[in-house]
Amino acid sequence: MNLPNKITISRIFLIPVFMIVLLAPFDWGHVTWLDVDIPVTHLAAALIFIVASCTDWVDGYYARKLNLVTNFGKFLDPLADKLLVTAAFVALVEVGYAPAWMVIIILSREFAVTGIRLVAAAEGAVIAASQMGKLKTWIQIIAISALLLHNIPFEWIGIPFAEISLWAATLITLYSGWEYFIQNKEVMLKSK
């Protein structure tokens, strides 16, 4: 259990904290920022989500810098990303900020890719995240953050950045899933 893996595990432990702050019926009031009214719980949840998301970069940085890349980390890091993003998207549907159909598309890709990873793991192979998969994750994180922050600061200048980024996340998720299946089709086609 090295430092990067501990950082990844901390990301997983922040998920229930994020969910409780966002979804529990707390009334911590509202804040108006750049003419946008936002519940304090949404602001706090956004900050927790952003901190948890940043641990994705931190754990990878230390794993490479300190030469601490492990198979456990290659498995756990994308799983932690999927858990965080899944929790956030489901919560966004719950609070009415994301359409369920988009979230279903995104989560379906995540489950399908996880399935391929599990099949590969059963065969003794570990499939690390691709560059497109990493880009997809960061675009999803940007979309979730923008939605949680009620499109601040873009709402102030009339740009629907949160909605645009959600569309971008959905489309890139579809593309990266297609690319992932093409690149790893031998895992699914292999028979014993």
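What volume does the largest pocket have? I looked this up first, working on a predicted model. The largest pocket comes to about 650 Å³.

**Pocket lining**

I then listed the residues around the largest pocket. Its lining holds 34 residues. Nearest the pocket centre I found D56, R64, D77, A129 and K134. I also checked which elements give two or more residues to this lining: helix 1 (3-23), helix 2 (40-65), helix 3 (71-94), helix 4 and helix 5 (131-148). By residue class, I noted twelve nonpolar, ten polar and twelve charged in the lining of the largest pocket.

**Helix 1 against helix 2**

Next I looked at how two of these helices pack. I read an angle of about 170° between helix 1 and helix 2, and their axes lie 9 Å apart. An angle over 145 degrees counts as roughly antiparallel, so I put helix 1 down as roughly antiparallel to helix 2. I sorted the residues of this contact too: 17 are nonpolar, five polar and three charged.

**V103**

Is V103 buried or exposed? I located V103 in helix 4, which covers residues 100-122. Its relative accessible area is 4%. Buried means under 20%, so V103 is buried. I set aside its neighbours within four places in sequence and listed what V103 touches: F89, V90, V93 and A98. I also took one C-alpha distance. V103 and T86 are 17 residues apart along the chain, and their C-alpha atoms are separated by 8.5 Å.

Key
Residues numbered from 1 in each chain as written. Predicted model: local features only at pLDDT ≥ 70, side-chain atom pairs only at ≥ 80, totals over all residues. Heavy atoms only, no water. Helix = DSSP H or I, 4+ residues; strand = E, 2+ residues; numbered from the N terminus. Buried < 20%, exposed > 50% of the residue type's maximum accessible area, 1.4 Å probe, protein only. Contact = heavy atoms within 4.5 Å. 1 Å grid on protein atoms, 1.4 Å probe; cavity = no way out; pocket = protein on both sides within 12 Å on 5 of 7 lines; lining within 4 Å. Points joined across faces, edges and corners; volume = space filled by probe spheres on them. Nonpolar A, V, L, I, M, F, W, Y, C, P; charged D, E, K, R; others polar. Axes fitted to C-alpha atoms, helices over the stretch in contact; angles between N-to-C directions. Parallel < 35°, antiparallel > 145°, perpendicular 65-115°, else oblique.
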